[in-house]
Amino acid sequence: MAQQLSCVSAARPLLAVPAGRVLGPWRGGALGRANAAGSAGRGVRATAGATARPVSSVAVVDEEDEEEAEVEERYALGGACKVLAGMPAPLGATALDGGVNFAVYSAGASAASLCLFTPDDLEEETVTEEVPLDPLLNRTGNVWHVFIEGKQVHAMLYGYRFDGIYAPERGQYYDAENVVVDPYAKAVVSRGQYGVPGADGDCWPQMAGVVPLPHSTFNWQGDLPLKYHQKDTVIYEMHLRGFTKHDSSKTKHPGTYIGAVSKLDYLKELGVNCVELMPCHEFNELEYFSSSSKMNFWGYSTINFFSPMARYSSSGKTGHDAINEFKVFVREAHKRGIEVIMDVVFNHTAEGNEKGPILSFRGIDNSTYYMLAPKGEFYNYSGCGNTFNCNHPVVREFILDCLRYWVTEMHVDGFRFDLASIMTRACSLWDPVNVYGGPVGGDMTTTGTPLVRPPLVDMISNDPILGGVKLIAEAWDAGGLYQVGQFPHWNIWSEWNGKYRDTVRQFIKGTDGFAGAFAECLCGSPQLYQTGGRKPWHSVNFVCAHDGFTLADLVTYNNKYNSSNGEDNRDGENHNLSWNCGEEGEFASLSVRRLRKRQMRNFFVCLMVSQGVPMFYMGDEYGHTKGGNNNTYCHDHYVNYFRWDKKEEQSSDLYRFCRLMTKFRKECESLGLEDFPTSEQLHWHGHQPGKPDWSEGSRFVAFSMKDETKGEIYVAFNTSHLPVVVRLPERPGFRWEPVVDTGKAAPYDFLTNDLPDRAVCINQFSHFLNSNVYPMLSYSSIILVLHPDV
């Protein structure tokens, strides 16, 4: 649907020019200047055929006639469209009655022009028509704007040229040789096929934004946000392309939004009610390809934050297809009761450091969008060459506009912010005046300093639209800032709990000294969140994620094996807190393989019985391996693909166990509490009931929990290398019955009511249960449920 703005009820006409002023063609003073990065810059031919069609007519007005001057009309696209002055808000390309308003922020540019492309001309890297913008008539403040009246403009693609100072040592990269992408473009078009270079092997062909259509034709079919309470969510981190790209997925459109839709029923069956999509904003998967055979598979290198990844669409040809197919994915996920959270990367962009390409932000206003040192150097808190200047007034407004767009237009349910601690750092040129509008005392804050009340996080937290969605921070960055438990939160933000991951890995593999810390993890990490007023569900608990070992590799490898990444095994985390269970690699003895199966189940049991929000990574439910590579960002092949064939092979084993554990968690009211458990709800035990062992050498933790649906549950973890017989809490008139025992082979590791041999299995342990004790193998976990003794 076309957006009708109250402030643009009618396009403002192009006003007459003051005396002696001529509106002519492009007056770029830097034409022909070589880009500092050599091939990193993108020069675009300014002609279509022999010459680009100029905007017709020039306005010349005498001073004495100025007051009664008539509007001098200009036209574009062969006279089919009228060129008017336009309005400075909203930023981006906005479809209005009769045409499209274009507005873009650039404070330092001395000249600007709107470049229009037909799809065919874009492939030839040729501008179809260029509309120069007059700084007196097409500029309000620091916003350049123009209105193109006429239907034909909707079929075009667009970008901008900017001219001005080119002085990297001053942080300025204006270069009229480049046509740059509008940061507010709602879709970006470049190459049509994923992983295939453009003409002549060009991995960075010219890109352009899609001009919005006058009306949206997408049918949401009454879709509304699910609005689950966060305590009730089970998050599944997934890579959209990797989810269905493997041949075994047998989908019609593998590796696409539509392909993923065909597998949503699987996620529902698994018990997942929230997917966290790894980056789906427009990025260049061939970013590294010109210098190596590596791919940017993960996508943590954004080109445009408003645009869904075009080459994830089944057609891959137009940006409109990507928009609609992403909407289909969200709509169909909601139909199945699954929320959609996006992983967003507002900490850096694909433009890299001073040697990177000029694609968008850098060519529009580099010193605004990036954190810069006094001599123009790029701060690198992201570890990727540049740092987004998040708390600059213009940039934070851009980020808010972007987030609101994905919520209101694309219907997403929340965001996970990659390296979110960067959003708490002071921006370049930060001072109390430009952030808050008035002095707050103290000297100017140094660029990059962590702020107690970062303006961006404050604005997101108190925004009427964004305050109602899920906000998850990865509360650290590559500059050494670690804020887990201390991220500015306004009682709204959750965090990826990296301390939970590290503690659970240590305890489950049998490291001394972690029993007490492990117990805190089971309670939702109150030592991190309770003092600040937050709840257990502000902790997103995970053992494995996309970066690092998979669950299977965590119990298979002591060392990383990243040589295939082409960095001599230097990349990736060296301290993985993993344990190979006695033998390195997949090919191991039977006893080691059995132990690994127990350990994977132990991790999953821990995840599902902990207070907080459980999250696990795509493929961990069937034991996906990456061969010990803990940083597979650059591989577009089976190592990153969900193996549907392997999932089927393991369907009676780990997958079944994980599916039943997620179901068990949902059935237990006590495993998703609103607040931290109290001593009335939870009781700690050791080998003897009521006698927990918090000593340095303890490798046993057990608790019982009152539950409204199950009555009471008993959970125990034995991470010692020795078996143990535990005495269970006395409950007169009731009897403990086993549900989960990771020490048993499948399907007896999880006893369901419909298991044919369930009664026989329980009877085998009746002599223990009659004595109110239960035997546990080394490295095993159990869950028992209280039943009336009849």
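## Helices H6 and H7

Angles under 35 degrees count as roughly parallel, over 145 as roughly antiparallel, 65 to 115 as roughly perpendicular, and the rest as oblique. In this predicted model, the axes of helix H6 (residues 361-369) and helix H7 cross at roughly 120 degrees and come within 9 Å. H6 and H7 are therefore oblique to each other.

On the H6 side, the residues that meet H7 are Phe361, Thr368 and Tyr369. Their counterparts in H7 are Val394, Val395 and Phe398. Sorted by type, the residues of this contact between H6 and H7 are five nonpolar, one polar and no charged.

## Helix H7 on its own

Helix H7 covers residues 393-408, which is 16 residues. At 1.5 Å a residue, H7 should span 22 Å, and the C-alpha atoms at its ends are 22 Å apart, so the two values agree.

Which residues of H7 are buried? They are Val395, Arg396, Phe398, Ile399, Leu400, Cys402, Leu403, Tyr405, Trp406 and Val407. Val395 and Phe398 also belong to the contact with H6, while Arg396, Ile399, Leu400 and Leu403 take part in the contact with H9.

## Helices H7 and H9

The axis of H7 also comes within 10 Å of the axis of helix H9 (residues 455-462), and the two cross at roughly 30 degrees. Because angles under 35 degrees count as roughly parallel, H7 is roughly parallel to H9. The crossing of these two helices is right-handed.

From H7, the residues that meet H9 are Arg396, Glu397, Ile399, Leu400 and Leu403. From H9, they are Pro455, Leu456, Met459 and Ile460. This contact between H7 and H9 holds seven nonpolar residues, no polar ones and two charged ones.

## Helices H10 and H11

The crossing of H10 and H11 is left-handed.

H10 contributes Tyr500, Thr503, Val504, Phe507 and Ile508 to the contact. H11 contributes Ala515, Ala517, Phe518 and Cys521. By type, the residues of the contact of H10 with H11 are eight nonpolar, one polar and no charged.

## Cys274 in strand E15

Cys274 lies in strand E15, which runs over residues 274-277. Is Cys274 buried or exposed? Its relative accessibility is 0%, so Cys274 counts as buried.

Cys274 and Val234 are 40 residues apart along the chain, yet 6.0 Å separates their C-alpha atoms. Apart from neighbours within four places in sequence, Cys274 is in contact with Thr233, Val234, Ile235 and Tyr236, and also with Ile338, Glu339 and Ile341.

## Phe700 in strand E25

Phe700 is placed in strand E25 (residues 700-707). With a relative accessibility of 4%, Phe700 counts as buried. From Phe700 to Ala716 is 16 residues in sequence and 7.4 Å in space, C-alpha to C-alpha.

Which residues does Phe700 touch, not counting those up to four places away in sequence? They are Phe507, His685, Gly686, His687, Asp693, Tyr714, Ala716, Phe717, Asn718, Val724, Val726 and Met776. One of them, Phe507, is also among the H10 residues in the contact with H11.

Notes. Residues are numbered from 1 along each chain as its sequence is written. This is a predicted model: local features need pLDDT of at least 70, side-chain atom pairs count only at pLDDT 80 or more; totals for chains, interfaces and linings use all residues. Side-chain values use heavy atoms; hydrogens and water are left out. Helices (H or I, at least four residues) and strands (E, at least two) are DSSP runs, numbered from the N terminus. The expected span of a helix is 1.5 Å times one less than its number of residues. Buried means under 20% relative accessible area, exposed over 50%, partly exposed in between (1.4 Å probe, protein chains only). Contact means heavy atoms within 4.5 Å. A crossing is left-handed if the near helix is turned anticlockwise from the far one by less than a right angle, and right-handed if clockwise. Ala, Val, Leu, Ile, Met, Phe, Trp, Tyr, Cys and Pro count as nonpolar, Asp, Glu, Lys and Arg as charged, and the others, Gly among them, as polar. Axes are lines fitted to C-alpha atoms, for helices over the stretch in contact, and angles run from 0 to 180 degrees between N-to-C directions.
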